[in-house]
Amino acid sequence: MLRAIRGRRPRMAAAALFCLSCMGIAMLGCLVNNGTAAAQRVHTATSSVSFILMEVIEVWSWPSATVAMTGAPDEPAVSGPLVFRVRANAPWGIYLRSDLPEGRMQEYDASVGEYVQSGRVLSQGLEWALSPGGPWTRVVPADAPLVSGMPPTGAEGTTVEFFLRQAATFQDLALPAGREYRIVLTYTAGLGY
């Protein structure tokens with residue numbers, strides 16, 4: 001048919017080709033529309049969502065960073081309560097340790113900010129208890145449980161109180177001005193303790 005049209009007139013040939021291409025586009029449009037109609041149908045999918053809750057402990061407040069105690073020989077000084085405020089969603093505990101052997105306070109030079117080499121050491125160790133009446137436990141330079149195996153607290157949290165006691169004898173000497181007996185306690189709060 002194209003040969004017959006070509007031979008006659010170029011304008012007619014161009015018009016015929018235009019008509020043929022229009023028909024091709026229209027047919028292609030019908031095919032695309034049929035495909036679009038199929039793509040617009042409803043499809044459904046699902047997602048499975050899982051959540052793993054982490055075990056967490058939060059210490060809202062720690063005991064004071066400095067605790068000053070004053071006492072006399074044969075009259076133990078008791079300080080406290082020292083308080084922790086804790087929230088946890090799993091079993092937890094608090095451990096306590098000292099920086100000195102046998103938990104005995106050592107002579108400290110406050111102006112220099114360090115222990116005195118070969119300084120004096122108290123004859124009695126520092127002790128702790130969960131009540132002012134005891135029972136008393138000596139602090140040691142290794143982690144020891146203040147409380148352990150505590151249940152989850154819930155959103156309201158809980159408090160842990162403890163007390164410190166330092167005894168002295170007449171064997172212990174008073175120190176000159178600018179010196180004091182000192183020890184550093186380190187607390188560790190954690191899960192699974």
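The model is predicted, so local features need pLDDT of at least 70 and side-chain atom pairs count only at pLDDT 80 or more, while totals for chains, interfaces and linings use all residues. Residues are numbered from 1 along each chain as its sequence is written, and side-chain values use heavy atoms, with hydrogens and water left out.

**Sheet**

- Five strands, in the order β1-β2-β9-β6-β7, form an open sheet with antiparallel pairing; strands are DSSP runs of E with at least two residues, numbered from the N terminus, and two of them pair if DSSP finds at least two bridges between them.
- β1 and β7 stand at the edges with a single partner strand each, so one side of each has no neighbour in the sheet.
- Within this sheet β6 and β9 run antiparallel and are joined by three bridges, and Glu127 stands opposite Arg165 in β9.

- Leu126, in the loop between β5 and β6, counts as buried at 2% relative accessibility; buried means under 20% relative accessible area, exposed over 50%, and partly exposed in between, with a 1.4 Å probe and protein chains only.
- Leu126 and Gln166 are 40 residues apart in sequence and 5.0 Å apart in space, C-alpha to C-alpha, and the residues that Leu126 touches, not counting those up to four places away in sequence, include Met69, Met105, Arg165 and Gln166.

**Largest pocket**

- The largest pocket has a volume of about 890 Å³, and of the 32 residues that line this pocket, Val67, Met69, Met105, Tyr181 and Arg182 are the closest to its centre.
- On a 1 Å grid over the protein atoms alone, a pocket is an open set of points where a 1.4 Å probe fits, with protein on both sides within 12 Å along at least five of seven lines, and lining residues have an atom within 4 Å of a point; the volume is the space filled by probe spheres set on the points, which are joined across faces, edges and corners.
- β9 (158–166), β10 (179–182) and β11 (185–191) each supply at least two lining residues, and the largest share, three residues, comes from β10.
- The lining divides into 22 nonpolar, six polar and four charged residues; Ala, Val, Leu, Ile, Met, Phe, Trp, Tyr, Cys and Pro count as nonpolar, Asp, Glu, Lys and Arg as charged, and the others, Gly among them, as polar.

**Backbone features**

- The peptide bond from Gly80 to Pro81 is cis, with omega near 5 degrees, and Pro81 lies in strand β2 (residues 77–88).- The peptide bond from Gly134 to Pro135 is also cis, with omega near 5 degrees.

Key. Helix = DSSP H or I, 4+ residues; strand = E, 2+ residues; numbered from the N terminus. Contact = heavy atoms within 4.5 Å.
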